[in-house]
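Subject: Two-chain model, handover and notes

Hi,

Here is the model you asked for. My notes follow below it.

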Amino acid sequence: MLESVPEPAVPDVLAPSLIGRNGLMLALLAVALLLPFVVQNFLIFQLTLVLVYAIAIIGLNLLTGFNGQFSLGHSAFYALGAYVAAMLMDKVDFPYPATLPVAGIACFVFGFLFGLPALRLEGVYLALATFALAVATPQILKLSPLEYWTGGVQGIVINKPDAPFGLPLTQDQWLYFFTLFVTVIMTVLAHNLVASRTGRAMMAIRDNPTAARSMGINIALYKSLTFGVSALYTGIAGALGAIVVQFVAPDSFTFLLSITLLVGLVVGGVGWIPGAFFGGAFVLFVPNFAESISKGLSGAVYGVMIILLIFVLPTGASGLVRAALQRLRAHKIQ
Amino acid sequence: MTALLEVRDLHASYGTTRVLHGLSFGVLEGGVTTLLGGNGAGKTTTLRALCGMVLRTGEITFAGRSIAHLSTEDIARLGIAHVPDGRGTFVRLTVEENLELGAITRRDRNAIAQDVERVFGYFPILQKRRGQQAGTLSGGEQQMLAIGRALMLQPRLMLLDEPSFGLAPRLVRELFGILAALNKSEGVSLLVVEQNAALALDLADQAYLVETGRIVFSGAAREIREDEKIRRSYLGY
């Protein structure tokens with residue numbers, strides 16, 4: 001029976017596109033490496049923040065896009081990562097790069113533990129539970145018993161690091177490269193995770209939890225682990241954000257930050273990792289742009305832009321890129 | 001032949017609604033058992049109860065081991081593959097990814113790749129669709145995918161919930177032919193729940209008639225097939 005089946009045409013189509021894909025990645029990376037030498041310091045700072053948001057959005061995407069769990073509480077993980085980094089530098093003089101893994105691990109543990117009771121909740125109920133987390137976090141950070149560590153309402157100010165090894169870079173340029181380095185690692189890891197059997201199990205749970213269990217997948221374990229990994233990403237983003245902005249304060253991490261990440265996720269494309277960069281750029285630049293159109297109604301302008309975008313691109317940037325790639329491929333075949 | 005699956009006094013309920021009222025039946029090692037009955041008889045619930053998807057009491061022994069207290073995923077790991085009603089397709093993943101998910105508990109990479117090809121041997125249409133999103137397959141193709149995916153677990157027992165549901169008659173016959181082949185050449189025991197009694201009785205060696213959560217008749221499939229009174233009063237053909 002096997003012999004009668006024609007050879008699948010899939011590998012042939014895929015092979016050149018894989019080379020094209022790697023080429024595209026290298027070209028984008030080259031642009032990313034050159035950018036800080038051609039733009040001004042403030043734009044470099046903004047681009048750094050885009051990367052920070054992108055890492056956080058990848059974290060949210062792993063949870064929502066690939067595992068089907070909703071979260072309105074990722075501002076809490078971002079805050080935890082930011083505060084862990086800030087406190088370590090402020091109180092025990094930790095070198096800033098070393099704060100990232102600590103923040104990541106702390107958020108992983110917290111996210112995993114939060115994910116355990118969240119197992120019983122789905123959809124809107126999970127959204128509400130995580131919402132509570134987001135609302136509680138800034139208040140907890142302000143508590144006076146914790147003030148010695150958190151700096152209370154005032155927050156913590158962090159010193160801006162210089163470029164090491166006497167590199168001829170400004171502080172902003174150096175922070176950009178440092179963040180880019182972390183971003184590339186985190187993106188590649190997320191890509192590999194999603195392509196692995198673990199990633200497949202995550203997506204199976206998203207598509208059909210009952211069937212996933214029938215395949216022998218331990219849903220409880222995978223869901224809480226995904227919560228942990230998602231929190232880890234967002235926590236590392238928070239730590240990077242703290243270093244880049246040189247300041248943490250409770251009111252930087254309100255519920256609104258969770259929504260910002262969610263907007264970035266949807267705009268970039270749910271379930272598509274590179275979408276995080278489009279989403280990050282959108283949530284950073286478009287509100288400023290909206291403000292330049294109308295100071296008084298900037299929120300409304302931003303809202304209209306989001307609505308328009310969802311209408312034009314219901315699947316976010318991912319849909320646009322996919323359509324473009326398809327067209328390119330169709331051209332090549334002709 | 002020895003019994004692979006033995007069920008004694010199985011009760012199950014959804015919340016406070018009792019659905020199964022003490023079923024006892026079995027599947028022989030290498031055998032095919034069918035549960036027949038109309039809508040709402042409790043056939044689907046029986047399979048769910050075996051897999052630990054609903055609250056159940058009673059004795060369930062698989063290969064000499066009690067599984068009545070195990071979770072769904074642990075039961076799957078023992079080698080019981082459930083082909084659920086509605087097929088349980090992972091709609092946004094490709095056909096091949098669906099098949100690989102069937103083998104997610106296994107570590108033997110090469111054998112998994114071989115098994116994917118073996119499934120394609122049984123269901124050539126799946127090979128043509130291997131890179132396609134599984135949600136875009138037709139009903140019949142999704143049923144084949146569900147059976148193929150269950151095979152990837154290398155099961156000793158396969159539970160099939162109305163495999164004929166919603167399929168064209170010609171396709172149904174083809175599918176049951178493949179099930180018979182699987183039973184023979186792969187040595188997989190089958191427990192088939194069906195409304196299409198004629199078809200199921202041809203495949204099975206043992207049959208049980210289920211009505212409102214109780215077994216009302218049991219015997220060799222051949223006997224039931226030839227017993228006109230039962231055929232008329234319970235099976236309607």
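In chain B, 6 strands form an open sheet of mixed pairing, in the order 6-7-8-3-9-10. Helices (H or I, at least four residues) and strands (E, at least two) are DSSP runs, numbered from the N terminus. Two strands pair if DSSP finds at least two bridges between them. The edges of the sheet are strand 6 (80–83) and strand 10 (214–220) of chain B; each has a single partner strand, so one side of each has no neighbour in the sheet. On average, neighbouring strands are turned by 15° against each other, direction ignored.

Before the rest, some housekeeping. This is a predicted model: local features need pLDDT of at least 70, side-chain atom pairs count only at pLDDT 80 or more, and totals for chains, interfaces and linings use all residues. Residues are numbered from 1 along each chain as its sequence is written, while chains are lettered from A and ligands numbered from 1 in the order in which they are written.

Strand 3 of chain B

Is strand 3 of chain B buried or exposed? 5 of the 5 residues of this strand (residues 32–36) are buried, so the rest of the structure largely encloses it. Buried means 20 or more other C-beta atoms within 10 Å of a residue's own; exposed means 12 or fewer, and partly exposed is in between, with C-beta atoms placed from the backbone. Both faces are covered. Val32(B), Thr34(B) and Leu36(B) are buried on one side, Thr33(B) and Leu35(B) on the other.

Strand 3 of chain B runs parallel to strand 8 (residues 189–194) of chain B, joined by 5 bridges. Leu36(B) stands opposite Glu194(B) there. Another 4 bridges join strand 3 to strand 9 (residues 206–211) of chain B, again parallel. Here Thr34(B) has Ala207(B) as its bridge partner.

Strand 9 of chain B also pairs with strand 10 of chain B, in the antiparallel sense, over 6 bridges. Gln206(B) is the bridge partner of Ala220(B) in strand 10.

Helix 1 (residues 43–50) of chain B lies across strands 3, 6, 7 (157–161), 8 and 9 of chain B. The helix runs at about 150° to strand 7. Axes are lines fitted to C-alpha atoms, for helices over the stretch in contact, and angles run from 0 to 180 degrees between N-to-C directions.

Chain A

Helix 2 (residues 41–64) and helix 11 (residues 255–268) of chain A pack at about 75°, with axes 9 Å apart. That makes the two helices roughly perpendicular (65 to 115 degrees; under 35 is roughly parallel, over 145 roughly antiparallel, the rest oblique). Among the residues in this contact are Tyr53(A) and Leu60(A) of helix 2, and Leu261(A) and Leu265(A) of helix 11. Contact means C-beta atoms, placed from the backbone, within 7 Å.

Thr187(A) sits in helix 7 (residues 171–195) of chain A. Thr187(A) is partly exposed, with 19 other C-beta atoms within 10 Å. Leaving aside neighbours within four places in sequence, Thr187(A) touches Ile58(A) and Ile273(A). The C-alpha atoms of Thr187(A) and Ile273(A) are separated by 7.5 Å, at 86 residues apart along the chain.

Between the chains

The contact takes 21 residues from chain A and 26 residues from chain B. On the chain A side, helix 8 (197–207) and helix 9 (209–214) each give two or more residues. Helix 8 of chain A gives the most, with 6 residues.

Best wishes

Definitions and conventions:
Two residues are in contact if their C-beta atoms, placed from the backbone, lie within 7 Å.
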